[in-house]
Amino acid sequence: MSEGQKFQLGTVGALSLSVVSSVSIVICNKALISTLGFTFATTLTSWHLLVTFCSLHMALWMKLFEHKPFDARAVMGFGILNGISIGLLNLSLGFNSVGFYQMTKLAIIPCTVLLETLFFRKQFSRSIQLSLTILLMGVGIATVTDLQLNVLGSILSLLAVLTTCVAQIMTNTIQKKFRVSSTQLLYQSCPYQALTLFIVGPFLDGLLTNKNVFAFKYTPLVLFFIVLSCLISVSVNFSTFLVIGKTSPVTYQVLGHLKTCLVLAFGYGLLRDPFSWRNILGILIAVVGMVLYSYCCTLENQQKQNEAPAKLPEKMELGS
C-alpha cells in the first residue's frame, strides 16, 4: 500500500470516527440535558477535557504515543483560546434564539475561508465555493427557524465565530509547523482548555440557567450518563484534532454540518422529535452540497498529485 493510499485510509477513518462519536455524544447529552435536567453544558465540557487528558496520560504511560514538548506559549495560548471559544459558543446560545445560534455556526465556514485567504493566501476554487454555498443553504433551511436579534447576543456570536475559526486554523497550522501529531497536541493543550472551562464553567452555567451545578441532585442515572458522555468525549476530542490535522478547518466544519443533519435524522427516527418537509428538503440540499464538496476536493487533490511528479524532472534539469 502506497503512502497516498495509507493517508486516504487514515483520513476516512478519522472522518468516520468523528461522525460516529459526535452523533453518539449529542444523543447522550440530549438525554442528560433534556430528560434528566442536567443543563450545565460548559462545566460538563470541562469534565470531558479532564477525562480526555487522563486517558491520554494513561496512553502515554503505556507508551502508545510519544510525548513531544514544543513552544509552551503557543500551547498555552491555543488551549486557552479553545476554552474561550467553547464558552462563547455556549453564551451565544444562551443570549440568542436557536435560529440565530444556528446562523452563527453557519458563519464559521465563510469566516474560516476569508481568514485563510487573507492570512495564509489559500485559494478556494469556484467549484469548492459553490459546493459550500449549497451546503450552507441546505443546513440553513433545515435548522434556522427564527432570527431574533439583540446587541449583546450579536457581539457574543461574532466573538464566538472569530475565536472558533482562529482556534481551528491554529489546530491545523500548529500540527504542521511543529510536526506534532493530533494526539501530542491534544495531550499538551487539554489541561489549559480544561482549566479555563473549569474556572468559568460554573459561573457561565449559573448565568444561563439560574442554577448551581454543585447543588444539583446527582442520581445514579445522572452519574451514569455523565460518565458515558465523558468517555465518548475522549473519542470526540481526539477525532476533532485528527480530522483538522489530516484535512483542513473548512473540511471539519463541513463534517460538522453532516453531523447536524444526522442528529436531526436520528432525533426523528429514535426520539420522535418534530420533523417537517422543510427539514427533509434542507437535509437533502445539504447532502448534495457535501457530495459536491467531497468530489471537488478529491478531484483537486488528484490534480495536485499528478502535477507533483511533473515538476520533479523540471527541477532536476535546472539543477544539472
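Colleague: Is Ile80 buried, exposed or partly exposed?
Modeller: In this predicted model, Ile80 is partly exposed, with a relative accessible area of 33%.

Colleague: Why does 33% count as partly exposed?
Modeller: Buried means under 20% and exposed means over 50%, so the 33% of Ile80 makes it partly exposed.

Colleague: Which helix is Ile80 in?
Modeller: Ile80 sits in helix H3, which covers residues 72-95.

Colleague: And what does Ile80 touch?
Modeller: Leaving aside residues up to four places away in sequence, Ile80 touches Tyr192 and Thr196.

Colleague: How far is Ile80 from Ala167, C-alpha to C-alpha?
Modeller: The C-alpha atoms of Ile80 and Ala167 are separated by 9.6 Å, and the two residues are 87 residues apart along the chain.

Colleague: Now Ile226. Buried or exposed?
Modeller: Ile226 is buried, with a relative accessible area of 7%. Its place is in helix H9.

Colleague: What does Ile226 touch?
Modeller: Not counting residues up to four places away in sequence, Ile226 touches Leu32, Phe38, Leu44, Trp47 and Tyr218.

Colleague: Staying with H9, at what angle does H8 cross H9?
Modeller: The axes of H8 (residues 182-209) and H9 (residues 220-246) cross at roughly 125° and come within 10 Å. H8 and H9 are therefore oblique to each other, and their crossing is right-handed.

Colleague: Which residues make that contact?
Modeller: On H8 they are Ser182, Thr183, Leu185, Leu186, Ser189 and Gln193, and on H9 they are Asn237, Phe238, Phe241 and Leu242.

Colleague: How many of the residues between H8 and H9 are nonpolar, polar or charged?
Modeller: The contact of H8 with H9 has five nonpolar residues, five polar and no charged.

Colleague: Different pair. How do H5 and H7 cross?
Modeller: The axes of H5 (residues 108-120) and H7 (residues 151-177) come within 9 Å and cross at roughly 55°. That angle makes H5 oblique to H7. The crossing of H5 and H7 is right-handed.

Colleague: Which residues of H5 and H7 meet?
Modeller: H5 brings Ile108, Cys111, Thr112, Leu115, Glu116 and Phe120. H7 brings Val161, Leu162, Thr164, Cys165, Val166, Gln168, Ile169 and Thr173.

Colleague: And how do the residues of that contact divide?
Modeller: For H5 with H7 there are nine nonpolar residues, four polar and one charged.

Technical notes:
Residues numbered from 1 in each chain as written. Predicted model: local features only at pLDDT ≥ 70, side-chain atom pairs only at ≥ 80, totals over all residues. Heavy atoms only, no water. Helix = DSSP H or I, 4+ residues; strand = E, 2+ residues; numbered from the N terminus. Buried < 20%, exposed > 50% of the residue type's maximum accessible area, 1.4 Å probe, protein only. Contact = heavy atoms within 4.5 Å. Axes fitted to C-alpha atoms, helices over the stretch in contact; angles between N-to-C directions. Parallel < 35°, antiparallel > 145°, perpendicular 65-115°, else oblique. Left-handed = near helix turned anticlockwise from the far one by under 90°. Nonpolar A, V, L, I, M, F, W, Y, C, P; charged D, E, K, R; others polar.
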